[in-house]
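This report is an introduction for a reader new to the structure. Please look over the sequence and the model shown here before reading on.

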Amino acid sequence: IVFWSSGLLKEGPTLFLICIIIVQCLHLEKQFEFKRILWVCLSLFFLLLIRDYLLALIIPNLFIWYFAKRTPQTSYRVFIVCTVSAGIILFATAWLQPQLNIVLWLKSEQNYFLMAPDDPDYQFKALNGQVWDMITKIPYAMNNILFRPNIFNSNDGFRIYQSIELIFIWIFLIYAIQKRKHPFKLSPTLLFILYFSIELLIAYGMITFDADTLSRYRSIPLFLVILVAIIALDGQ
């Protein structure tokens, strides 16, 4: 994250604002304070100016977090049920009401990357705006997230660095899962971080055409996933 957070890029301030929201949520889990709500609202406002599309994932997950923190013993179930229900509603709405089609919104975001030159290492797939087409491309998006760029397809030194960085991230996450001796018990805020990060990774894997941009965008959600893994490994 230090490498990707150049002052000319948006990753640094974006991560800073997301971390402010996370810290306020951790405080709000213990005690309600109006100033915490104010900090969350200010952070969301500045995120709107920097990367407005993040709010489409952060705000719904904040609502789920609010209900989950009221019953922390069942927070896992609250996140699973609410996330699956929201996904079904979004896809059903996109199928029945084309003007509310979330896939078209993702396609419009993807058009930004289509203006760039073709990536010399990879062939990326464009969305056509149909719900079923997006569903069939989820494995393709997962492949982008997990393996792109990869050291076998990269013929540039910078891409090789990105590939090695990605390999070490997955090695660490596998290590964290294996070293955990007890079942994971994450607080509502950590579940909020995890669900937001996974959803953002899938979105980036779906719409980003350039492997360099994908690596840069992916740095924030991967940083947050690593943060959750470290806390879970520590047992806190």
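A polar contact is a pair of N or O atoms within 3.5 Å. The model described below is predicted.

## Overall architecture

The protein chain contains 10 helices and zero strands. Read from the N terminus, its elements follow the order α-α-α-α-α-α-α-α-α-α.

Of the 236 residues in the protein chain, 41% are buried. Among contacts with a separation of 6 or more, 71% are between residues 24 or more positions apart.

Helix H1 covers residues 11-30. At 1.5 Å a residue, its 20 residues should span 28 Å, and the end C-alpha atoms are 29 Å apart, which agrees. The buried residues of H1 are Glu11, Thr14, Leu15, Leu17, Ile18, Ile20, Ile21, Ile22, Gln24, Cys25 and Leu28.

Buried residues in H8 are Arg159, Gln162, Ser163, Leu166, Ile169, Leu173 and Ala176. An α-helix has 3.6 residues a turn, so residues three or four places apart point the same way.

## The pairing of H3 and H4

The axes of helix H3 (residues 55-70) and helix H4 (residues 75-96) come within 9 Å of each other and cross at roughly 145°. This crossing of H3 and H4 is right-handed.

On the H3 side, the contact involves Asn61, Ile64, Trp65, Phe67 and Ala68, which meet Ser75, Val78, Phe79, Cys82 and Thr83 of H4. Sorted by class, the contact of H3 with H4 comprises seven nonpolar, three polar and no charged residues.

## Valine 103 in H5

Valine 103 belongs to helix H5, which spans residues 102-114. Its relative accessibility is 0%, so valine 103 counts as buried.

Apart from neighbours within four places in sequence, valine 103 is in contact with Gly129, Gln130, Val131 and Met134. Aspartate 133 is 30 residues from valine 103 in sequence, and their C-alpha atoms are 9.2 Å apart in space.

## Asparagine 150 in a loop

Asparagine 150 is located in the loop between helix H7 (138-147) and helix H8 (157-179). Buried means under 20% relative accessible area. Asparagine 150 has a relative accessibility of 19% and therefore counts as buried.

The side chain of asparagine 150 reaches the backbone nitrogen of phenylalanine 152 at 3.1 Å.

Key. Residues are numbered from 1 along each chain as its sequence is written. This is a predicted model: local features need pLDDT of at least 70, side-chain atom pairs count only at pLDDT 80 or more; totals for chains, interfaces and linings use all residues. Side-chain values use heavy atoms; hydrogens and water are left out. Axes are lines fitted to C-alpha atoms, for helices over the stretch in contact, and angles run from 0 to 180 degrees between N-to-C directions. Helices (H or I, at least four residues) and strands (E, at least two) are DSSP runs, numbered from the N terminus. A crossing is left-handed if the near helix is turned anticlockwise from the far one by less than a right angle, and right-handed if clockwise. Contact means heavy atoms within 4.5 Å. Ala, Val, Leu, Ile, Met, Phe, Trp, Tyr, Cys and Pro count as nonpolar, Asp, Glu, Lys and Arg as charged, and the others, Gly among them, as polar. Buried means under 20% relative accessible area, exposed over 50%, partly exposed in between (1.4 Å probe, protein chains only). A polar contact is a pair of N or O atoms within 3.5 Å; within protein, one must be able to donate a hydrogen and the other to accept it, and residues adjacent in sequence count only if both atoms are side-chain atoms. The expected span of a helix is 1.5 Å times one less than its number of residues.
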